[in-house]
Amino acid sequence: MDKRLKINGQVRDFGDRLPATLSELLKLMQIDQATVVAEIDGQIIPRTAFGQTALKEDAVIELVRFVGGG
Amino acid sequence: MDKLVIAGQEFESRLFIGTGKYASNAIMAQAIEASGTQMVTVALRRVDIDNPNDNLLAAIDRKKYLLLPNTSGARDAAEAVRLARLARAATGIAWVKLEVTPDPYYLLPDGEETLKAAAVLVKEGFIVLPYINADPILAKKLQHVGTATVMPLAAPIGSNKGIKTRDAIEIIIEQATVPVVVDAGLGAPSHAAEAMEMGADATLVNTAIAAAANPIAMAMAFKLAVQAGRLAYQSGLAAQTRQACASSPLTGFLRNE
């Protein structure tokens, strides 16, 4: 069965292989990792740990960044 | 102008700027520069997966401006605490503008949830600047749990209506042991000047600048108004009277009496 992650509320399908780490996922999605904060299953992942953070099937990932606000 | 001190950090400017609603990042950057501010607010949102490279922070020089992330969008204390923690992971510093607004129509802050979140965040080492209704009792409670400021609203966010909560803000200023920042609803430089004349320590402005026909010039107008208002407050405003009180002598008229 295909391997999935839930990213920012949307389920995404990665075929038979998930990106190995959070860094790889961000690269695949073309997101500059210097500008985002990540939470996996409710746990905040420090930016310095993106490269060592392994991804498990069906993980719930939130990727957030700053936007204009008052 | 005298310096503003919040949580031990000094600020030359008493005007804080929100970064929402600008037509472009370039105009925002110029407006921030023109305002003379040293503190800008930002919001945290999900990355737009289809447009992942829109980067607000590229337009803000963090050596010149302290980044104050807000918890906008939080509907209760738990959501606000979560956003504050994410913001800290993003900025590397613990400053946060705490706002909890369960009702999107008027965006009025929930005092009870704000107080709850403030207590948690202060314990976790955050420097908490809470956005509140102009409620003097709540302001005292927040001070008591250790917030760095209190930020009463002048009118609902983005309404540009000016200071509709004047009497309550005066009481908050009178009783405050932390800086009072008037936030939300200031629609014109004269409103900001009024807040400063009342003795507010600073003002926070977003929509009135961002939605002006010329945001850069309007930012400068707010800068001057805040400076004028502060100077007026420090100079001691002359007393108001009900009756006229002549400025010119009431003797030596060119008539026989």
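1. A:N8 is partly exposed, because 15 other C-beta atoms lie within 10 Å, a count between the limits of 12 or fewer for exposed and 20 or more for buried. The model is predicted. A:N8 sits in the loop between β1 and β2 of chain A. Its phi is near 50°, a positive value in a residue other than glycine. Most residues other than glycine have a negative phi.

2. One of the bridge pairs is A:I7 with A:Q10 of β2(A). β1(A) and β2(A) form a hairpin with two residues between them, and A:N8 belongs to the turn.

3. β1(A) has a further partner in strand β5 (residues 60-68) of chain A; here the pairing is parallel and runs over two bridges. A:K6 has A:V60 as its bridge partner in β5(A).

4. A:Q30 is placed in the loop between α1 (22-28) and β3 of chain A. A:Q30 is exposed, because 9 other C-beta atoms lie within 10 Å and the class takes in counts of 12 or fewer.

5. On the contact between the chains: 21 residues of chain A are in contact with 29 residues of chain B. On the chain A side, the elements that give two or more residues are β3 (37-40) and β5. β5(A) gives the most to this side, with seven residues. β5(A) is also the strand that pairs in the parallel sense with β1(A).

6. Chain B has eight helices and ten strands. Its radius of gyration is 20 Å, close to the 18 Å that the globule rule gives for 257 residues, so chain B is as compact as a globular protein of that length. Along the principal axes, the C-alpha atoms of chain B fill a box of roughly 85 × 40 × 35 Å.

7. Of the 257 residues of chain B, 45% are classed as buried. If one takes the contacts in chain B between residues at least 6 apart in sequence, 62% join residues at least 24 apart.

8. β6(B) runs parallel to strand β7 (residues 127-132) of chain B, with four bridges joining the two. As for individual bridges, B:L98 is partnered in β7(B) by B:P130.

9. Helix α6 (residues 189-197) of chain B is mostly covered, with seven of its nine residues buried. The buried residues are B:P189, B:H191, B:A192, B:A193, B:E194, B:A195 and B:M196. Among the elements that cover them are β9 (181-183), β10 (202-205) and α8 (215-235) of chain B. After α6(B) comes B:G199, which has a positive phi near 105°.

10. The crossing of α1(B) past α8(B) is right-handed. On the side of α1(B), the contact is made by B:I27, B:Q30, B:A31, B:A34 and B:S35. On the side of α8(B), it is made by B:P215, B:I216, B:A219, B:M220, B:F222 and B:K223.

Key:
Residues are numbered from 1 along each chain as its sequence is written. Chains are lettered from A and ligands numbered from 1 in the order in which they are written. This is a predicted model: local features need pLDDT of at least 70, side-chain atom pairs count only at pLDDT 80 or more; totals for chains, interfaces and linings use all residues. Two strands pair if DSSP finds at least two bridges between them. The radius of gyration is taken over C-alpha atoms; the globule rule is 2.2 Å times the number of residues to the power 0.38. Two residues are in contact if their C-beta atoms, placed from the backbone, lie within 7 Å. A crossing is left-handed if the near helix is turned anticlockwise from the far one by less than a right angle, and right-handed if clockwise.
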